[in-house]
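This briefing is for a reader who is new to the structure shown below.

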Amino acid sequence: MIENVFSWSKSRDEEFRECQRKYFYNRYASWGGWDRNAPKEARMAYVLKNLKNRWAWKGETVHHVIEDVLKSLKIGQPVTLDTALARLTQIMRCDYRSSKAKKYWDDPKKNLGLFEHEYEREISDAVWKEFHDSSAECLKNFYGSALFKEMAADDKNAWLVIEDLEEFEFADAKIYVKLDFARQKNGKIEIFDWKTGKNDHEAATVQIGAYAMYAMKRWEIPVSDIQAFLFYLTDRAPVVSEKAVNDALIQGTQETMLASIRAMRELLSDVGKNIPKPRENFAFTTNTRLCNYCNFYKVCEKYKVAPPYEGGARGGL
Ligand code: SF4
């Protein structure tokens, strides 16, 4: 039997800040729902948990294709841009069709579910096409960048991580990080974070801090030996944007993590076993705009009592 072990990650922290009830559905109510024969609520929450909206879908698909490109390059089998683009289109077409047919209800791990399909949002074909095209642009920008050319010439033995899910311990909790790419270069460890959304340097601070904490533990190096870069793939000619990694970043990140972990644990009735208090303790967000985009809207108790908007309309994206 798999245990629901308490862990912390940047995405878990974001969920918790957005809406504690959403966090409850995501981390507790859905537990065990991967089993087709799980109780109805767990199965439903699990399927909803795995839905992606179109922005997340775009980000994940681009990351996935770049991961494949770099892994092939690492073993001396470079992938042409045309091949990478064809792969991207194939993945997106397949995902879109299977989501539209709602196959994710049969197997949400194998079949992508799009939020827009589950919640029957009116999205025109032109908008879907634009999402595909802007994803393809990200890939083209990556291939055209000076960084990619430099990577092609790198000694691949110095490549350390390509999209691996890694973990380390902090404050008696497992901390999960997924570095997009890390390598050794000029006596330092360089960490890269691919971005497919808007340019938001500040929002990445805790994420980069967590990566740096991981790197210090994993490779037993001082903070001064780490460099971190954001790489905005939506830029036509992307360049690396360095994020300062220093003692202040580490200290600030640790303080944020500690406060976040403490707040999450306050909602547990058994901290050792990661057993949550009754759901009533997990507050609904007061920012109801977020509910329009929430995967759990159709099961949320907040709306089982009264509809959020006049006439019961549940709003559009
Ligand atoms: S619908 Fe709103 S209140 Fe309910 S879980 Fe989602 S974000 Fe929270």
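## A helix pair

Helices α5 and α7 cross in a right-handed sense. The model is a predicted one.

**Helices α5 and α7**

- Residues 81-100 make up α5 and residues 125-144 make up α7; the axes of the two helices come within 10 Å and cross at roughly 155°.
- Angles over 145 degrees count as roughly antiparallel, and α5 and α7 are therefore roughly antiparallel to each other.
- On the α5 side, the contact is made by L81, A84, L85, L88, T89, M92 and Y96.
- On the α7 side, W128, H132, S135, A136, L139, K140 and Y143 take part.
- Sorted by class, the residues in the contact of α5 with α7 are 10 nonpolar, three polar and one charged.

**The sheet of three strands**

- Three strands make an open sheet with mixed pairing, and their order is β1-β4-β3.
- The edges are held by β1 (7-8) and β3 (165-170); each has a single partner strand, so one side of each is left without a neighbour in the sheet.
- Strand β4 covers residues 173-178 and runs antiparallel to β3, with six bridges joining the two.
- In this pair of strands, F168 is placed opposite I175 in β4.
- Helix α9, which spans residues 205-218, lies across β3 and β4 and runs at about 80° to β3.

**The sheet of five strands**

- A further open sheet has five strands in the order β2-β5-β6-β7-β8, and its pairing is mixed.
- Its edge strands are β2 (159-162) and β8 (240-243), each of which pairs on one side only.
- From one strand to the next, the twist averages 25°.
- Strand β6 (residues 188-195) and strand β7 (residues 226-232) run parallel and are joined by seven bridges.
- W194 stands opposite F231, a residue of β7.

**The ligand**

- Which residues are around the ligand? They are C19, R21, K22, F284, T285, L290, C291, C294, F296, Y297, C300 and K302.
- By class, the shell around the ligand has eight nonpolar residues, one polar residue and three charged residues.

Note on methods. Residues are numbered from 1 along each chain as its sequence is written. This is a predicted model: local features need pLDDT of at least 70, side-chain atom pairs count only at pLDDT 80 or more; totals for chains, interfaces and linings use all residues. A residue is near a molecule or strand if its C-beta atom, placed from the backbone, lies within 6 Å of it. Ala, Val, Leu, Ile, Met, Phe, Trp, Tyr, Cys and Pro count as nonpolar, Asp, Glu, Lys and Arg as charged, and the others, Gly among them, as polar. Two strands pair if DSSP finds at least two bridges between them. Helices (H or I, at least four residues) and strands (E, at least two) are DSSP runs, numbered from the N terminus. Two residues are in contact if their C-beta atoms, placed from the backbone, lie within 7 Å. Axes are lines fitted to C-alpha atoms, for helices over the stretch in contact, and angles run from 0 to 180 degrees between N-to-C directions. Angles under 35 degrees count as roughly parallel, over 145 as roughly antiparallel, 65 to 115 as roughly perpendicular and the rest as oblique. A crossing is left-handed if the near helix is turned anticlockwise from the far one by less than a right angle, and right-handed if clockwise.
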